[in-house]
Amino acid sequence: MNERTALRDRFPQRPELPVPRHGDVARWRAAGPEDIDAIWRLQRLADDVDHPGALSPRSAITETFETSNVDPAVDTLVAEGEDGELLAHGLVVVAGGHATRVQSYLLGTVHPLWRGRGIGGELFRWQIARSAQQLSECELALPGWTMLYVDARNTPLATLAGRAGLNVQRYFAEMEHGLDGEIPVLEAPEGVRIIPCSEEYFERTRVARNDAFRDHWGTQPNTKERWNRLVAGGHFRRDLSWIAVAAEGGKQERVVGFALSTVTAPAEEGFIELVGVIRDYRGRRLAPALLSRLLLSHREAGLPSVTLEVDSASPTGANTLYERLGFIPVGRSDAFVREY
């Protein structure tokens, strides 16, 4: 791979999309906004089987039709049964913020009652080809990645990924804190305040996030559009999200750390979306102080538990930090990548 050439020049010709065919599928077609509720119902049925307690919010589906980096007419595919019921749905999306890579993600699922028949294989072959198409259209001289996160228990999908040339490059642990045990009260270091994440600090928090995650595997800068979908979304909880701010030399307070949370119905369980500390504030025990405040606020709000996902090879040692604070592993997902 010659990363000095444009991505598109690494493809001798534009990849062609296969035409999915399956005896149980009456129609394959692109999805539209009118399918949001049907796709959401399908996704929730899959969630109940694949990871109960972590049910996808409706906003995760509506984003497909609201973001500038998705063209539903060419980036989505659904499979309909004879009665019009959706049997599967798929999305291929290129994430924004290309600093060191261009990353194309494969998302979707198959109805639990229609699995094991080959529908997922047809959908997956289309997704792999569409991802290659997206990367072949890019003029940037950067590596191109087709990416897929697979629950460690989903052996059929892992097998499909391997056959398509994707290899496991990272393991992510799902960890949970039950909130019924002791939670240490930890103070911020001198010169730093820990406060709720209010709108006044949203953009400064995005800047801090991009600094903190520069050395994290698979992470690219968060664009304003993508960031606003998080902090302006109905599941973001400002009162349960905390930032660390510091005044430096009389300047405007700088966000130097963050621990941000969402809460989704019906489970009413907290999920820690992001935890980070900017580079020049690491080593001051700031992340434990932020997490302590977050855990205490979740317990005070009456939530039963908090979960998060962490890179098992995190450069900041985050996995051991979470264990010391009382998080326990409850699952794992594997990051599959095909490089161009």
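Start by selecting helix α6, where Phe202, Arg204, Thr205, Arg206, Ala208, Arg209, Asn210, Asp211 and Ala212 are buried. Buried means under 20% relative accessible area, exposed over 50%, and partly exposed in between, with a 1.4 Å probe and protein chains only. Helices (H or I, at least four residues) and strands (E, at least two) are DSSP runs, numbered from the N terminus.

This is a predicted model: local features need pLDDT of at least 70, side-chain atom pairs count only at pLDDT 80 or more, and totals for chains, interfaces and linings use all residues. Residues are numbered from 1 along each chain as its sequence is written, and side-chain values use heavy atoms, with hydrogens and water left out.

**Stay on α6.** Nine of its eleven residues are buried, so the helix is largely enclosed by the rest of the structure. Now show what surrounds it. The buried residues of α6 pack against α7, β8 (242-246), β9 (254-264) and β10.

Select residues 202-212 for α6 and 224-231 for α7; their axes come within 11 Å and cross at roughly 120°. Axes are lines fitted to C-alpha atoms, for helices over the stretch in contact, and angles run from 0 to 180 degrees between N-to-C directions. The two helices are therefore oblique to each other. Angles under 35 degrees count as roughly parallel, over 145 as roughly antiparallel, 65 to 115 as roughly perpendicular and the rest as oblique.

Show side chains here. From α6, Phe202, Glu203, Thr205, Arg206 and Arg209 meet Lys224, Trp227 and Val231 of α7. Contact means heavy atoms within 4.5 Å.

**Move to Ile243.** Ile243 and Tyr322 touch the most other members of the largest nonpolar core, which has 52 residues. Such a core is a set of buried Ala, Val, Leu, Ile, Met, Phe, Trp, Tyr and Cys residues joined through side-chain atoms within 4.5 Å. Helix α8 (residues 286-300) supplies the largest share of this core, eight residues. Leaving aside neighbours within four places in sequence, the contacts of Ile243 include Tyr201, Thr205, Val255, Phe258 and Leu290.

Next, pick Val92, Leu106, Ile128 and Phe336. They are among the members of a second, separate core of 20 residues.

**Finish in two loops.** Select Leu179, between β6 (167-177) and β7 (193-196). Its phi is near 65°, a positive value in a residue other than glycine. Leu179 is buried, with a relative accessible area of 3%. Then go to Arg285, in the loop between β10 (269-277) and α8. Phi of Arg285 is also positive, near 65°. Most residues other than glycine have a negative phi.
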